[in-house]
Amino acid sequence: GEFLAKLSRAVSVVHGLKNLDQEALPYESRGGFGMSLVIQRAASGVWVFSGSLDKNTLSELAQHPVHVSIPDGLGCQFDFKGLTYIDSAGLAFCMQQLKRLLAMQKSLEIYGSPVRLYALMKAQGLEPLLGPCLQEKKS
């Protein structure tokens, strides 16, 4: 109950993001258990994630939203090479971003995907939806 409420709040905040606040970068979220998430913009439409993309860091993100801009081009690229951990909340984050981009007729490409993301995706039956976004199946 409480976890799903927090996850829903985090996902809804992320889903509604529109413009990047340049002054807020790099963004760092500190979740529980010493977990942290850092999001940096590498180029237009290219976002670099490092640390942990999980329910704790996404809950923190919901309270201090970071605005991920969608460029005029074809879509966004997420670089996950620096991720050390991802859980089902991180998978939900990826699915929300994909849903938002598809609604805008844009694409999402994910590079450096942790093996765990691929495993979670397969376990949840989301491979047909999210699989095409993965540029590498494991890092």
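Which backbone oxygen does the side chain of Thr57 reach?

**View 1. Thr57 and its polar contact in the predicted model.** In this predicted model, the side chain of Thr57 reaches the backbone oxygen of Ser52 at a distance of 2.7 Å. Thr57 itself has its place in helix α2, which covers residues 55-63. Because its relative accessibility is 0%, Thr57 counts as buried, the cut-off for that word being under 20% relative accessible area.

**View 2. Helix α3 from end to end.** At the start of α3, a side-chain oxygen of Asp87 comes to within 2.9 Å of the backbone nitrogen of Ala89. After the helix follows Gln105, a residue whose phi is positive, near 60°.

**View 3. The buried residues of α3.** Among the residues of α3 that are buried are Ala89, Gly90, Leu91, Phe93 and Met95. The list of buried residues in this helix also includes Cys94, Gln96, Gln97 and Arg100.

**View 4. The chain around these close-ups.** The protein chain has five helices and five strands, and from the N terminus on these elements run in the order α-β-β-β-α-β-α-β-α-α. Of its 139 residues, 47% count as buried, while the chain exposes about 7,200 Å², of which carbon and sulfur atoms supply 53%. Among the contacts in the protein chain with a separation of 6 or more, 68% are accounted for by residues 24 or more positions apart.

How values were computed
Residues numbered from 1 in each chain as written. Predicted model: local features only at pLDDT ≥ 70, side-chain atom pairs only at ≥ 80, totals over all residues. Heavy atoms only, no water. Buried < 20%, exposed > 50% of the residue type's maximum accessible area, 1.4 Å probe, protein only. Helix = DSSP H or I, 4+ residues; strand = E, 2+ residues; numbered from the N terminus. Polar contact = N/O pair within 3.5 Å; in protein donor to acceptor, adjacent residues only side chain to side chain. Contact = heavy atoms within 4.5 Å. Areas by Shrake-Rupley, 256 points an atom, 1.4 Å probe, with all protein chains shown as cover.
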